[in-house]
Amino acid sequence: MAMGMVNGSRRGGRRGSRRTPMADINVTPFVDVMLVLLIIFMVTAPLLAAGVPIDLPESRANALAPEEDPVTLSIDSDGFIYLGDDRLAPGELPERLANIRPGADGGLPQVTLRADQGLQYGRVMAVMGELNRAGFNAISLVTSGSDSPP
């Protein structure tokens, strides 16, 4: 009945027998790859927040705390308006602002306005007027940092 157990054990009866395969997984390369991916995502995540290239004006204002789900409105140097990364057609801004839902607290979210420094003041004020008309009273103007006073 015990034909497979010639020398008392199944594993080591012969001197030249092959070793059994190792059943453990070496996780060190996996951890290395995951750490590299984590660093890549940490570096690229802030770059994805501002997808429209804009030459921002300089300011010495203090930075605000970031919101969880901000509404980003951008105006490029040609005067085109972007909601997030979507370019809006002329006259589409009021309709898109009306479709933004209030947050959990019942209030409208804060809008982050990014405008190119070469734009005319009237163009930026027209966009801010539309924001006010749609009920957005909390508007943050984004600038690049500067150490020199005006």
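The model is predicted, so local features need pLDDT of at least 70 and side-chain atom pairs count only at pLDDT 80 or more, while totals for chains, interfaces and linings use all residues. Residues are numbered from 1 along each chain as its sequence is written, and side-chain values use heavy atoms, with hydrogens and water left out.

L131 is also one of the residues with the most contacts inside the largest nonpolar core, which has 17 residues. Such a core is a set of buried Ala, Val, Leu, Ile, Met, Phe, Trp, Tyr and Cys residues joined through side-chain atoms within 4.5 Å. Buried means under 20% relative accessible area, exposed over 50%, and partly exposed in between (1.4 Å probe, protein chains only). Two or more residues of this core come from each of β2 (71-75), β3 (81-83), α2 (93-98), β5 and α3 (121-133). Helices (H or I, at least four residues) and strands (E, at least two) are DSSP runs, numbered from the N terminus. In soluble globular proteins, nonpolar side chains tend to be buried together.

Now for the sheet. Its five strands follow the order β4-β3-β2-β5-β6, and this open sheet has mixed pairing. Two strands pair if DSSP finds at least two bridges between them. β4 (86-87) and β6 (139-141) stand at the edges with a single partner strand each, so one side of each lacks a neighbour in the sheet.

How is β2 placed? Five of its five residues are buried, so β2 is largely enclosed by the rest of the structure. V71, L73 and I75 cover one side, with T72 and S74 on the other.

| Strand pair | Direction | Bridges |
|---|---|---|
| β2 and β3 | antiparallel | three |
| β2 and β5 | parallel | five |

In β3, L73 has L83 as its bridge partner, and S74 has Y82. β2 and β3 form a hairpin with five residues between them, and G79 in the turn has a positive phi of about 90 degrees. On the β5 side, T72 stands opposite T112.

Finally, look at R114 in strand β5 (residues 111-115). R114 is buried yet has no salt bridge, and D85, the nearest side chain of opposite charge, is 6.9 Å away. A salt bridge needs a side-chain nitrogen of Lys or Arg within 4 Å of a carboxyl oxygen of Asp or Glu.

Terms used
Lys, Arg positive; Asp, Glu negative; His and termini not counted.
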